[in-house]
Amino acid sequence: MAGFIFALSVNAQNRGCGTYEKLEQFYKKNPETRLLAKDLNSFLTQKRSNSVSKRTVVTIPVVVHVLYKDATQNISEAQIQSQLTALNNDFRKTNSDFSTVVPPAFQGVASDMEIAFCLATKDPLGNVTSGVIRKSVSSSFNFDDDYYNGNVGGDNAWDTTKYLNIWVGAFTNQRLLGWAYPPEAAGYANDGLCITYRAFGTTGTVQAPYNKGRTATHEIGHYFGLNHIWGQSNDPTQCGTAINDDGCPDTPATMQPYFNTPVFPNNDPNYICTPTAVGAMFMNYMDYVNDAAMAMFTNDQKTIAQNTLAGPRASLLNSNSCAFLSVNEVEKTNSINLFPNPTTQYISIASPLTPIDEVEIFNAEGRLVKKTVIKNETDRIDVKDFANGVYYVRTYNGKDFVKSMKFIKK
């Protein structure tokens, strides 16, 4: 699964990027996640019948940590709200520029992601909150690395299994526009995304051509498991290679990002892998064009995002921080997923709507091989020492049986 740095000089006319810097740092600190990411990939791209969207639009509680060095960087409530509005329009396909930016040739595969965002109304202790935290930091504060570390001047994340944490500030590296962590980082203390105050929202301190809130749209795409449309890299890739694949058949394969404002159709041989009548989908939110030139997600990208919400980020669904999901008992059972499957390292149980606290694993002969207690969807059950084969899982809430499932260890 790709991670990224989304980097640029805001005054320049191109979006640039640093290759996997933050994710590579994350892998070095948490080496087990590099292998876990590979197992997650097949789970996230698989089409399944019990999609979250079968039930309702999912509302994600957001907490915005504003870390400011001066009054200019202490962005207004209006600017923060403008970003929430942009996110909701982009993820629900209600953005006013959709029909003018997305050509008819691609409008048929454009998707309403059925994901909405709201500022949290309750903090982790249940207290009323505005969903915005403001903290003055020193002029030498390293926002790039210390944003989440309260011990050195940053602001600790609210429970990353229940909230989407967004830190807004001024990067020490002036090239950076923003970045986020992908699903394999779910539950870690630094999980979430960081955005420069110059590209957050649609008013106030934002600067063209990144003034329509699409930086956060792009980064949250990564947070929900989406790769760049040219594949699992921030640098140009080679057509047909393993990393030249975003897992989405409905995004025409390209080998590197588009910049600025391209003209449709575009079959530039330096970018497109296979020329067609419609060319590249450079107006996708997961490319690098200017904010005004991107306006869509696709159906296959929705599949990945919904699978992320059915798996590694399922715990966001049982947060009552700004919305309550009302479902019946059948839907509660159907919402339970075991992932990744097949697996080489671990399994997790996503059960956002039904409490599960105990898991039993049986081998194909029916012998109990493991029993463990779990707290939430980010808990990983280690199976790397299991022999290859099929295993059966029984889940419990207290003494009550909830659901049985199976997985393949390879």
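Predicted model: local features only at pLDDT ≥ 70, side-chain atom pairs only at ≥ 80, totals over all residues.
Figure 1. With a relative accessibility of 1%, G221 counts as buried, and, when residues up to four places away in sequence are not counted, G221 touches F91, L226 and M286. The view also takes in I304, which is 83 residues from G221 along the chain, the C-alpha atoms of the two being separated by 9.6 Å.

**Figure 2. The loop residue T251 and its contacts.** T251 is placed in the loop that runs between α7 (214-223) and α8 (299-310). Its relative accessible area is 5%, so T251 is buried, the cut-off for this class being under 20%. The side chain of T251 is joined to the side chain of D246 by a polar contact of 2.6 Å. Not counting residues up to four places away in sequence, T251 touches D246 and also I229, M281, N284, T298 and Q301.

**Figure 3. Crossing of helices α1 and α2.** Two packed helices are described by the angle between their axes and by the distance between those axes. Here the axes of helix α1 (residues 21-29) and helix α2 (residues 32-45) come within 6 Å and cross at roughly 115°, which makes α1 roughly perpendicular to α2. On the α1 side the contact is made by E24, F26 and Y27, and on the α2 side by T33, R34 and A37. Sorted by class, the contact of α1 with α2 has 3 nonpolar, 1 polar and 2 charged residues.

**Figure 4. The loop residue V152.** V152 lies in the loop between α6 (143-146) and β5 (164-169), where, at 46% relative accessibility, V152 counts as partly exposed. Leaving aside neighbours within four places in sequence, V152 is in contact with F141 and D146. The C-alpha atom of V152 is separated by 9.2 Å from that of N142, a residue 10 positions away along the chain.

Figure 5. A208 and P209 are joined by a cis peptide bond with omega of about 5°, and P209 lies in the loop between β7 (193-196) and α7. The peptide bond from F339 to P340 is also cis, with omega near -15°, and P340 is found in the loop between β8 (337-339) and β9 (346-350).

Figure 6. Although K93 is not a glycine, K93 has a positive phi of about 60°; K93 lies in the loop between α3 (77-91) and α4 (98-101) and is partly exposed, with a relative accessible area of 31%. E114, which is likewise not a glycine, has a positive phi of about 55°. The loop between α5 (104-107) and β3 (115-119) holds E114, and a relative accessible area of 17% makes E114 buried.

**Figure 7. The protein as a whole, for orientation.** The secondary structure of the protein comes to 9 helices and 14 strands, and buried residues make up 57% of its 410 residues. Among the contacts with a separation of 6 or more, 69% are accounted for by residues 24 or more positions apart. The accessible surface comes to about 16,000 Å², and 49% of that surface belongs to carbon and sulfur atoms.

Note on methods
Residues numbered from 1 in each chain as written. Heavy atoms only, no water. Helix = DSSP H or I, 4+ residues; strand = E, 2+ residues; numbered from the N terminus. Buried < 20%, exposed > 50% of the residue type's maximum accessible area, 1.4 Å probe, protein only. Polar contact = N/O pair within 3.5 Å; in protein donor to acceptor, adjacent residues only side chain to side chain. Contact = heavy atoms within 4.5 Å. Areas by Shrake-Rupley, 256 points an atom, 1.4 Å probe, with all protein chains shown as cover. Axes fitted to C-alpha atoms, helices over the stretch in contact; angles between N-to-C directions. Parallel < 35°, antiparallel > 145°, perpendicular 65-115°, else oblique. Nonpolar A, V, L, I, M, F, W, Y, C, P; charged D, E, K, R; others polar.
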